[in-house]
Amino acid sequence: MGAGDAAELHDPYVAGVKTEVAVARVRADVAALHGELVRYGLVVWTGGNVSGRVPGADLFVIKPSGVSYDDLAPENMIVCDLDGQVVEGTPGSSRAPSSDTAAHAFVYRNLPEVGGIVHTHSTYAVAWAARGEEIPCTIVAAAEEFGGPVPVGPFAIVGDDSIGRGIVETLRDSRSRAVLMRSHGPFTIGQTPRDAVRAAVVLEDVARTVHIAREGGAVEPLPAEAIDRLHERTRSLDHQTTVERRVTPPRRGRRSEKTSGRTADK
Ligand SMILES: [Zn+2]
């Protein structure tokens, strides 16, 4: 008592409350972001999914399997550990999580900078995936968002680690935040679930636009130097807004400025 912030930081009760608050925020974010997949026409029926890492904990939140988009709500999102196991006794845990949960878990385990993942079967992106053809970087929107061509990942069966492994192996050495899993569809990653959703929306737009452009004639990739400049500019703008979002309001004063990421809460 009275020992100040240092003691409080190591208090398991305080740490537990912080995790509860973080889980509640991610539940609300992830539930709401599913509405964007519908709004932009990226999903049909109950297909597609968004997940979000819980800052400061080895957990993520993902959509339940087979639930109508109209019925998705914060309380029926499902909390999983980084092995993809449902955390029993938490709200929503009576349902099965998305059938892509193992893939999401594999990505969170292996790419610590990833805070959000989206998977859809959006039409034009899947058309490129069906041909096993990367989307060339021929327009500014593609350069800004993906920093080059959108790569194709291996064909893999849903259910075990093979999709996650294919995503990680394809994206680990790429600037792209999107991968077209062969004959299946796109997975996008981001620093936050919202970033990953944005990548999924832009991806479908780019896939559609380049498809249409090519029907009218040959398309040329942008020069590498132009791609680099466009991509770096976008990334630095993204970095600024992400840092602004992560810095908590200075209620307690002096710590807030240095608390900039998920590692700070560990
Ligand atoms: Zn799928």
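**Reading the labels in a predicted fold**

Colleague: What makes Gly48 count as buried?

Modeller: Gly48 has 22 C-beta neighbours inside 10 Å, and a residue is buried if 20 or more other C-beta atoms lie within 10 Å of its own, exposed if 12 or fewer, and partly exposed in between, with C-beta atoms placed from the backbone. The value of 22 meets the limit of 20 or more, so Gly48 is called buried. Please bear in mind that this is a predicted model, in which local features need pLDDT of at least 70 and side-chain atom pairs count only at pLDDT 80 or more, while totals for chains, interfaces and linings use all residues. Residues are numbered from 1 along each chain as its sequence is written.

Colleague: Where does Gly48 lie, and which residues is it in contact with, leaving aside its neighbours within four places in sequence?

Modeller: Gly48 lies in the loop between helix H2 (12-39) and strand E1 (49-53); helices (H or I, at least four residues) and strands (E, at least two) are DSSP runs, numbered from the N terminus. With those sequence neighbours left aside, Gly48 is in contact with Leu37, Leu42, Val43, His119, Thr120 and His121, where contact means that the C-beta atoms, placed from the backbone, lie within 7 Å.

Colleague: Why is helix H4 called roughly perpendicular to helix H7?

Modeller: The axes of H4 (residues 123-131) and H7 (residues 193-216) come within 7 Å and cross at roughly 65°, where axes are lines fitted to C-alpha atoms, for helices over the stretch in contact, and angles run from 0 to 180 degrees between N-to-C directions. Angles under 35 degrees count as roughly parallel, over 145 as roughly antiparallel, 65 to 115 as roughly perpendicular and the rest as oblique, so H4 is roughly perpendicular to H7.

Colleague: How do you know that the buried residues of H4 line one face of the helix?

Modeller: The buried residues of H4 are Ala125, Trp128 and Ala129. Seen down the axis of H4, they fall within an arc of 100° (the arc of the directions from the helix axis to the C-beta atoms), so they line one face of the helix. Those buried residues pack against strand E5 (152-153), strand E6 (178-181), strand E7 (185-190) and H7.

Colleague: Why is H6 described as largely enclosed by the rest of the structure?

Modeller: Seven of the 10 residues of H6 are buried, so H6 is largely enclosed. Among them are Ile163, Ile167 and Leu171, and the buried residues of H6 pack against H3, E5, E6 and E7.

Colleague: What makes H2 roughly parallel to H7, and how does their contact divide by class?

Modeller: The axes of H2 and H7 come within 10 Å and cross at roughly 10°, which is under 35 degrees, so H2 is roughly parallel to H7. The contact is made by Asp29, Val30, Leu33 and Glu36 of H2 and Pro193, Arg194, Val197 and Val201 of H7. By class it has five nonpolar, no polar and three charged residues, since Ala, Val, Leu, Ile, Met, Phe, Trp, Tyr, Cys and Pro count as nonpolar, Asp, Glu, Lys and Arg as charged, and the others, Gly among them, as polar.

Conventions. Contact = placed C-beta atoms within 7 Å.
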